[in-house]
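Subject: the model we talked about

Hi,

Here is the structure I promised to pass on.

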Amino acid sequence: MNKIKVMGTGSSGNCYSLEINNEILLLDAGFQYKKILKFINYNLEKISGCLISHEHRDHSKGVKGLVENGINVFALKSVFNSLEVKNHRCKEITAQKRFTAGNFTILPFNLEHDVENIGFLIKHNFSGKKILYITDTYYCKYRFKGVNHILIECNYSKEILNENLKDKMFLRNRVVQSHFELSNVIEFLKASDLSKLESLTLVHLSSANSDSELFKREVEKSIGFPVNIAVEGLEIYL
Ligand SMILES: [Zn+2]
Ligand SMILES: [Zn+2]
């Protein structure tokens, strides 16, 4: 069964698996290698690779273990540098340059975070399905056509953040300059071509500054499409 599975999402660790035709592509690896291995039911041979968005440990903790166990990890140079990992399985990628992992063709693109960060437009070569993965960004300047499945960060809402951090401007501004806010996510989605959309999942919700029910309702209302909220163990059948 083709599916997207959520191992974990948010600042405690991000990792998703995209499984199509018995082939697995991992999106981020923010957990220890052994936990990731268990998450994929020890099916190492099914993995075509792992894509890493950026160097923060909640997205990259498992990189060393993955490359040491023969998995190709595709990431920016800054990720491998910051983790101090050197291995022939470390595949350096750059934004706007397409690459392939197994039967997936992937376009990485720049996002806006407090460190260098990329999103991924993934196309499965046989089924033609397109999956978009965007996390840890306060804005996305690109628009995408004909995407079938979207995983997108929806970290906080201004109202909740302002209420929670009204006496902590420094912290507040840090969030604003690094994560996707509800109304900006909605604006991005409304400006996107959703004509081929089959699933939409909000990821990386802040534990303190979000409200999953509210976010689901607001996004559904504005785009007229059912919304999933990523939680540990969620499976989305494709
Ligand atoms: Zn993160
Ligand atoms: Zn981050």
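Below is what turned up, going from the metal sites to the aromatic rings and the cores.

First, the ground rules. This is a predicted model, where local features need pLDDT of at least 70 and side-chain atom pairs count only at pLDDT 80 or more, while totals for chains, interfaces and linings use all residues. Residues are numbered from 1 along each chain as its sequence is written, chains are lettered from A and ligands numbered from 1 in the order in which they are written, and side-chain values use heavy atoms, with hydrogens and water left out.

**Zinc sites**

The zinc ion (ligand 1) is held by Asp58 (OD), His59 (NE2), Asp136 (OD) and His204 (NE2), at 2.2 to 2.3 Å. Donors here are N, O and S atoms within 2.8 Å of the metal (3.2 Å for Na, K and Ca), and since water is not among the atoms, sites may look incomplete. Angles among the 4 donor atoms run from 91 to 158°, and the site is irregular. (Four donors count as tetrahedral if all angles lie between 85 and 135 degrees; four count as square planar and six as octahedral if opposite donors are over 155 degrees apart and all others between 65 and 115; anything else is irregular.) Along the chain, the donor spacing for the zinc ion (ligand 1) reads D-H-x76-D-x67-H. Histidine 59 sits in helix α2 (residues 57-60) and histidine 204 in the loop between β12 (199-203) and α8 (212-223), so the pair ties together parts that are 145 residues apart in sequence. Helices (H or I, at least four residues) and strands (E, at least two) are DSSP runs, numbered from the N terminus. Histidine 59 and histidine 204 are both buried, meaning under 20% relative accessible area, with exposed over 50% and partly exposed in between (1.4 Å probe, protein chains only).

Which residue bridges the two zinc ions? That is aspartate 136, and the ions lie 3.6 Å apart. Aspartate 136 is buried, with a relative accessible area of 2%, and histidine 113 counts as buried at 12%.

**Aromatic rings**

There are 5 aromatic pairs. Rings of Phe, Tyr and Trp (its six-membered ring) pair if their centres lie within 6.5 Å; planes under 30 degrees apart are stacked, over 60 edge-to-face and the rest tilted. Phenylalanine 109 and tyrosine 142 have ring centres 5.8 Å apart and planes at 75°, so they are edge-to-face. Tyrosine 142 is partly exposed, at 23% relative accessibility. With phenylalanine 144, phenylalanine 109 makes a tilted pair, its centres 4.7 Å apart and its planes at 45°. Phe109, Tyr142 and Phe144 form one aromatic cluster.

**Cores**

The largest nonpolar core has 50 residues, and Leu25, Leu26, Leu51, Ile106, Phe120 and Ile122 touch the most other members. A core is a set of buried Ala, Val, Leu, Ile, Met, Phe, Trp, Tyr and Cys residues joined through side-chain atoms within 4.5 Å. A second, separate core of 27 residues includes Phe109, Cys140, Ile186 and Leu202.

Cheers
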